[in-house]
Every structure is written in structure tokens, then in C-alpha cells.
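User: Please take me through this model by question and answer, giving the cut-offs behind each term.

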Amino acid sequence: MTIDKRILRKDSLEKLFNILRENNRTIFAPVEHNGKISFKASGSFSSVATDYIQTTQSSKEAAFPRTEKILDYTKTRDNINASPFDHNQIPEVVIWGVRPCDAMGIAELSAIFNWDLKDEIYNQRLAKTTVIGFSCMKADESCFCTSVGGNPGNTEGSDILLTRMGEGGDLIAEIITDKGAAIVSFAGELFQKSEEGQKEKYLADVPVKFNRDEIRKKLDKYFESDIWVKQSLRCIGCGACAYVCPTCACFDIQDEIHGKSGSRVRCWDSCGFSQFTIHTSGHNPREVQSQRWRQRIMHKFSYMPERLDVYGCTGCGRCSRACPVDMNILEHLTSIQEVTL
Ligand code: SF4
Ligand code: SF4
């Protein structure tokens with residue numbers, strides 16, 4: 001689909017938000033709480049945060065919730081009756097204010113959830129999700145989207161991408177997909193035709209720091225390198241980096257049992273946790289933290305491109321901002337590029 005460029009006047013943004021709600025969309029928008037900005041179901045435009053470089057949590061929860069019931073069951077004397085997940089309960093969702101690095105992460109997450117088995121629940125949620133992206137006018141030292149194939153005005157993954165023309169200005173609206181066009185169809189008067197539309201001068205400057213293809217080639221030879229020990233000495237295996245990441249997809253399946261009935265629940269997990277790979281026998285193939293850190297980098301920069309033809313990192317910088325012991329993925333990736341074996 002050819003990208004249709006329009007102008008959205010600054011005072012039309014609230015009208016668009018309200019029209020979406022009137023059309024039965026659940027809006028997940030960045031909301032500030034206790035100094036952190038996260039995507040929450042938001043009922044009013046006034047609650048939506050505007051001054052943020054990046055949200056603390058990514059927007060992946062819209063299609064891949066932190067915990068999700070996938071079936072209920074009841075045991076009888078001879079049988080187990082299961083009620084599978086009811087797809088009709090999935091709401092039409094708009095994720096509002098998604099940064100281009102998160103939007104790009106949707107393709108990476110989707111590649112994982114459609115690799116061997118097609119994950120129906122994930123795909124149904126995504127099918128009912130529309131992404132309204134907001135280009136980045138500011139970046140910080142943790143951002144590195146331009147080193148991993150993105151940029152602050154990247155349209156990939158957004159259904160509509162909005163770019164502010166300067167602080168407090170009107171917005172360039174790029175209508176990218178049919179889902180975006182569907183929104184314009186019921187809020188058409190807000191999206192004005194215009195000859196304006198060069199967004200580049202309004203975008204944040206994010207210098208390129210490394211070449212991901214070079215890193216991928218190096219990783220082929222680095223499996224046994226001591227770089228993993230050196231880099232991970234501080235890592236306490238808390239899993240925060242995976243929980244905030246827009247592309248991390250590890251999950252666990254747990255049963256919550258109440259007498260003869262129960263629920264099967266999918267919950268986020270992390271390859272950084274010490275028990276993530278432990279076998280029933282007690283053997284753990286990744287028994288020390290350096291092996292887990294290696295797995296994180298290898299998976300994102302070697303295994304995923306090899307198996308799924310996508311990288312597993314969008315350069316959002318969240319893992320560096322969230323890490324309690326200041327592990328900085330950008331510094332570590334840059335050092336991998338610089339080191340020679
Ligand atoms: S957030 Fe930091 S300390 Fe926690 S697992 Fe990730 S790298 Fe290790
Ligand atoms: S690995 Fe870190 S920088 Fe890369 S996408 Fe995940 S949270 Fe963002």
C-alpha cells in the first residue's frame with residue numbers, strides 16, 4: 001500500500017482519541033505512574049503522557065500479555081473437560097504513542113510466534129490491534145535504533161505514524177496500512193490533505209554505533225570466547241531486561257489448580273533466570289550467568305537472523321535503562337564489534 005500523507009492539526013489529536021473510543025476501541029496509551037511511563041488502557045486524553053523518550057515497558061503486552069489464561073478445565077471421575085480460550089473476548093485495541101523501535105519489534109515478535117507453530121491467540125490479538133506510532137523528536141544515550149535497521153521516523157510496524165512538526169506543532173500523519181486507512185475512514189475530517197510532509201528535519205539524531213551484520217558474523221566464532229564472562233560479571237539474572245524488551249518472547253505455561261478445576265496460564269519468562277533451562281533431571285545446560293548472557297546476545301543477533309530472517313533487537317535501549325546493575329547492551333555490542341579473537 002502506498003503511504004498516504006496527511007496533516008493532523010495539533011488540536012485534532014484529542015478529537016481523534018475520543019473518536020477511537022466512541023468507535024469501541026480500547027486504547028492503550030503511555031500513562032505516567034510513580035515516575036514510570038507504561039502502556040495502560042486509557043479512558044481520557046488528559047491522562048496520556050506526551051513528554052517521554054521511551055516508555056518503561058514496551059507495547060508488546062497488547063498482543064502478548066504478561067499473564068494470559070489460555071484454557072480452563074474441570075476434572076471429572078473419568079475425564080477432563082477443557083474450555084479453550086474464547087477469541088471473541090479479544091477487544092479491538094489501538095496502541096497509541098508507540099515509538100518506531102517498538103513498532104518494528106512487532107515483526108520480530110511475530111516471527112517467533114509463527115516460526116513452527118502458528119500461535120493463534122497471539123495472531124488473533126495482533127489482528128485486532130492497530131498501532132498509532134509517534135516518531136521520536138528526542139533520543140538519549142541508550143537509543144541505538146539506527147544501528148539495528150531502524151530510525152526515529154521508521155514507518156515499519158505502525159498503521160499510522162505521526163510526526164510532530166516541532167515542539168507543540170501540528171503533525172504529519174502517514175497512513176501506512178489498511179488498518180490505518182480504516183481509522184481515517186471514520187475520522188476523515190481530521191486528516192487533511194497537504195503538500196507539507198518532510199518529516200526528517202523534525203526527527204531525533206541517533207548516530208549509528210555498530211554494524212549488526214558484522215556482529216552477527218563475529219558471533220559465529222565467539223561461542224567459546226571469555227567475553228561473555230567479562231561482560232556478565234555484574235549480571236544478577238533478575239530478568240528485567242527481558243521483561244521490558246519489545247522482542248523477548250520467552251514464556252512459561254503454568255497450571256493454577258483449585259480443587260477439581262483449574263486454569264492454564266501463559267506467563268512471561270526470561271532466559272536470564274537461573275532455572276530457565278533446568279531439566280527434570282536437575283541438569284542445567286546454562287548453569288552460570290555468562291552462558292545465559294551469551295544466549296541473550298546470540299539469540300538476538302545470530303540465531304534469530306539465521307532461523308527467522310529477522311534480528312531480535314530494535315535498539316530501544318530499555319534493557320540498559322532498566323538494568324539494576326548498569327549492564328549496557330549498546331556498550332557490549334560495540335565492544336563485540338571492536339574485539340578481535
Ligand atoms: S536486567 Fe541486568 S542484571 Fe537483570 S538479567 Fe538483565 S542484564 Fe542481568
Ligand atoms: S535487547 Fe534491549 S535494546 Fe534491544 S530491543 Fe530488547 S530492550 Fe531494546
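Predicted model: local features only at pLDDT ≥ 70, side-chain atom pairs only at ≥ 80, totals over all residues.

Analyst: Residues are numbered from 1 along each chain as its sequence is written, and chains are lettered from A and ligands numbered from 1 in the order in which they are written.

User: Which strand has the lowest mean pLDDT among the elements of the chain?

Analyst: The pLDDT, the predictor's confidence in each residue from 0 to 100, averages 94 over the chain, and 99% of the residues score at least 70. Among the elements, where strands are DSSP runs of E with at least two residues and helices runs of H or I with at least four, numbered from the N terminus, the highest mean, 98, belongs to β7 (residues 129–134), and the lowest, 91, to strand β10 (residues 191–193).

User: How many charged residues does the shell around ligand 2 have?

Analyst: Counting a residue as near if its C-beta atom, placed from the backbone, lies within 6 Å, 13 residues surround ligand 2, with Cys245, Cys313, Cys316, Arg318 and Cys319 the closest. Ala, Val, Leu, Ile, Met, Phe, Trp, Tyr, Cys and Pro count as nonpolar, Asp, Glu, Lys and Arg as charged, and the others, Gly among them, as polar. By class, this shell has 7 nonpolar and 4 polar residues, and the number of charged ones is 2.

User: At what angle do α5 and α10 pack?

Analyst: With axes fitted to C-alpha atoms over the stretch in contact, and angles running from 0 to 180 degrees between N-to-C directions, the axes of α5 (residues 212–219) and α10 (residues 329–338) lie 9 Å apart, and the angle is about 65°.
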